[in-house]
Amino acid sequence: MPENFQDWPAGDYLMELMADSAKATCDHFGKHIVFINVMRRMSVDCDCAGTAAAEPTIGDIGICASTDILAVDQASCDLVYARDADNHDLVERIESRHGLRQLTAMAEHGMGCQQYELISID
């Protein structure tokens, strides 16, 4: 895979295709889905990298759950961006790979709401 995201064959289209895939899944299962994002010891690499993944550089943030896929992903991204102390590597990876394009594509598909209310459970 090319080092520079701009050199990837699909570029931004890849992010849009990921949103399309999520929409197909949501359309199929309808209201029978709960989305859960666990933000614990996050690395800049995907879980699919296995033991080759970079070591985590961002501490535990928490868990977000919702029946709205866009709201839960938007909240998760907002929580990552709000961490000034240790978020630099992950924010750089998100931005260099145009990861936020997935959120705008989901909004364009009407897959949920970018507005949310965080409810803390201790």
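**Reading the core and helices of a predicted model**

Leu14 is partly exposed, its relative accessible area being 26%.

Visitor: How is that value to be read, and where is Leu14 found?

Guide: This is a predicted model. Buried means under 20% relative accessible area, so Leu14, at 26%, counts as partly exposed. Leu14 belongs to helix 1, which spans residues 12-29. Leu14 and Arg97 are 83 residues apart in sequence, with their C-alpha atoms 9.9 Å apart in space.

Visitor: How many residues has the largest nonpolar core, and which have the most contacts inside it?

Guide: In soluble globular proteins, nonpolar side chains tend to be buried together. Here the largest nonpolar core has 22 residues, and Phe35, Met42, Ile69, Val80, Leu90, Met106 and Met111 have the most contacts inside it. Two or more residues each come from helix 1, strand 1 (35-39), helix 2 (69-82), helix 3 (88-96) and helix 4 (101-108). Helix 2 gives the largest share, 6 residues.

Visitor: With which residues is Met111 in contact, leaving aside its neighbours within four places in sequence?

Guide: Met111 is in contact with Ala19, Ala22, Lys23, Cys26, Asp68, Ile69, Leu70 and Met106.

Visitor: Which residues of helix 3 are buried, and against what do they pack?

Guide: In helix 3, Leu90, Val91 and Ile94 are buried. They lie on the same side of helix 3 because their arc around the axis is only 100°. These buried residues pack against helix 2.

Methods
Residues numbered from 1 in each chain as written. Predicted model: local features only at pLDDT ≥ 70, side-chain atom pairs only at ≥ 80, totals over all residues. Heavy atoms only, no water. Helix = DSSP H or I, 4+ residues; strand = E, 2+ residues; numbered from the N terminus. Buried < 20%, exposed > 50% of the residue type's maximum accessible area, 1.4 Å probe, protein only. Core = buried A, V, L, I, M, F, W, Y, C linked by side-chain atoms within 4.5 Å. Contact = heavy atoms within 4.5 Å. Arc of directions from axis to C-beta.
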